[in-house]
Amino acid sequence: PEPGVLPPYKSKFRPAKFIGETDGALNVSDLRWLEPEAVSHSFSWVSASIRPELVKNIYFVTKVQPPGLAGHSLLFYEFTDGGFYDAAGRRSKGFFLSVEAYAREGQSYSLLAGFKKTYGIIWLLTNFEDYTLNSAAFSKDRMNFYPVLADQAGKEKMVRDTVAQATVNREGEWYHSTRNNCTNNLVMMINHSQPEDRQVRMWAIPSLIYNFYANTPPMVPNYLGRKGVLGPKAFTIDNGNYQEYIPLPAAEAPARQAARPRSGPEK
């Protein structure tokens, strides 16, 4: 590129936008969507509606990549029927929030580079099928789901606050490998569902030492479990069982199994 002209952001990223509330439904645009019969990650960008009162469960999710390292964290928001749908009326069981390094074309993720002002940050929203198929069908990652232990009012508040935070304009904000990453932002969102006396402290020593257990994917489930904020692992989705969660007619299964372009680690 010419001096001063930055490459575009990678096409798999778009910041979601809040476009209003209609009869209690929160409406967002630029949500990444994939249909359950997809045989590759040929996603589209849609407008979608979210009804907080129909939230059923919220899960903290660790994505474990070969050879077995939990390299990424997400939140999954599951709804009863009619709680989450796109502008065309297509329904999905829920959406993921994934906080990632907002990389440009030609940039690859590096943990060390994340300590410098290398990447912007994006709060990405996708439907269940998009992130699950891309991870478990088209790659060989495992996704472990741990339920957030909150009452219904806390879950509804967390849905509303997540939409509000995911649609903030974060231009000029930097990703940081420990203090502003894929995991600590999710723990802060979980705090929105909890009474004050159960909220997780983000700093071990305020403004000096960050709470390591709140910003590292493998550490969070046990740490928040001991605090009574997360329950035990509820289920795992992987390359061997994803069709139990996104079922397909038997005739279509071989086509999907054949299409597995492997992407690099996501942060």
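Colleague: What pLDDT does the protein chain average?

Modeller: This is a predicted model, in which local features need pLDDT of at least 70 and side-chain atom pairs count only at pLDDT 80 or more, while totals for chains, interfaces and linings use all residues. Residues are numbered from 1 along each chain as its sequence is written, and side-chain values use heavy atoms, with hydrogens and water left out. The pLDDT is the predictor's confidence in each residue, from 0 to 100. At least 70 is scored by 89% of the residues, and the protein chain averages a pLDDT of 89.

Colleague: How many contacts beyond near neighbours in sequence does the model have for residues 251-255?

Modeller: Where pLDDT is low, predicted coordinates should not be read in detail. Over residues 251-255 the pLDDT is below 50. A contact means heavy atoms within 4.5 Å. Beyond near neighbours in sequence, the number of contacts for this stretch is three.

Colleague: Is strand β3 largely enclosed or largely open?

Modeller: Strands are DSSP runs (E, at least two residues), numbered from the N terminus. Buried means under 20% relative accessible area, with a 1.4 Å probe and protein chains only. Five of the seven residues of β3 (residues 44-50) are buried, so the strand is largely enclosed by the rest of the structure.

Colleague: How many residues has the largest nonpolar core?

Modeller: A nonpolar core is a set of buried Ala, Val, Leu, Ile, Met, Phe, Trp, Tyr and Cys residues joined through side-chain atoms within 4.5 Å. I50, L75, Y77, L97 and I190 have the most contacts inside the largest one. Apart from it lies another core, of 18 residues, with F76 and Y131 among them. The largest core has 51 residues.

Colleague: Which residues of helix α2 are buried?

Modeller: Helices are DSSP runs (H or I, at least four residues). Helix α2 (residues 152-166) has 15 residues. Leaving aside neighbours within four places in sequence, Y77 is in contact with M158, V159 and T162, among others. The buried residues of α2 are G154, K155, M158, V159, D161, T162, V163 and A166.

Terms used
Buried means under 20% relative accessible area, exposed over 50%, partly exposed in between (1.4 Å probe, protein chains only). The expected span of a helix is 1.5 Å times one less than its number of residues.
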